[in-house]
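Have a look at the model below before reading on.

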Amino acid sequence: TGEERTELERIARLRVAPHREVMRARALLLATAGTRNRDIARAVGVSARTVFNWRKDFLARRLAALRDRARAGCPRRFSPLGARGGDSYRLPETGR
């Protein structure tokens, strides 16, 4: 719709936004102009299959498709102490 196109254009121009959302908005705008998936993929820097999936997802979820869906499993965690609670993330000491 016209409102969706306006929102896609707004998101595509954002300088401070999640990179994935900006890429998807740009790809969808190219798709509305009649650009082929292969050419969109080359312009955005992803595979043609990814563009196909984004377009399919947009048809199903509309603007909500710009955001990632929740993923299964626990969220990743980073501990400054390392994977096992030790100092595996520290730089090794040099003898200087």
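Helix H1 (residues 2–13) packs against H2 at an angle of about 135°, and the two axes are 8 Å apart. (Axes here are lines fitted to C-alpha atoms over the stretch in contact, and angles run from 0 to 180 degrees between N-to-C directions.) That angle makes H1 oblique to H2, since angles under 35 degrees count as roughly parallel, over 145 as roughly antiparallel, 65 to 115 as roughly perpendicular and the rest as oblique. On the H1 side, the contact is made by Arg5, Leu8, Glu9, Ile11 and Ala12, while H2 brings in Glu21, Val22, Ala25, Arg26, Leu28, Leu29 and Thr32. Contact means heavy atoms within 4.5 Å.

Keep in mind that this is a predicted model, where local features need pLDDT of at least 70, side-chain atom pairs count only at pLDDT 80 or more, and totals for chains, interfaces and linings use all residues. Residues are numbered from 1 along each chain as its sequence is written, and side-chain values use heavy atoms, with hydrogens and water left out.

Now for H3, which spans residues 37–44. Which of its residues are buried? They are Asn37, Ile40, Ala41 and Val44. They sit on the same side of H3 because they cover an arc of only 100° around the axis, taken from the directions from the helix axis to the C-beta atoms. Their cover includes helix H2 (19–32) and helix H4 (48–61). Turn to the face pointing away from the buried side, and you find the exposed residues Arg42 and Ala43. Buried means under 20% relative accessible area, exposed over 50%, and partly exposed in between, with a 1.4 Å probe and protein chains only.

| Residue | Phi | Where |
|---|---|---|
| Glycine 45 | positive, near 90° | follows H3 |
| Arginine 62 | positive, about 55° | in the segment after H4 |

Arginine 62 has its positive phi although it is not a glycine. At 33% relative accessibility, it counts as partly exposed.

Stepping back, the protein has four helices and zero strands, counted as DSSP runs (H or I, at least four residues, for helices; E, at least two, for strands) and numbered from the N terminus. Of its 96 residues, 25% count as buried. Among contacts with a separation of 6 or more, 36% come from residues 24 or more positions apart. The accessible surface comes to about 7,900 Å², with 52% of it belonging to carbon and sulfur atoms; the areas come from the Shrake-Rupley method with a 1.4 Å probe.
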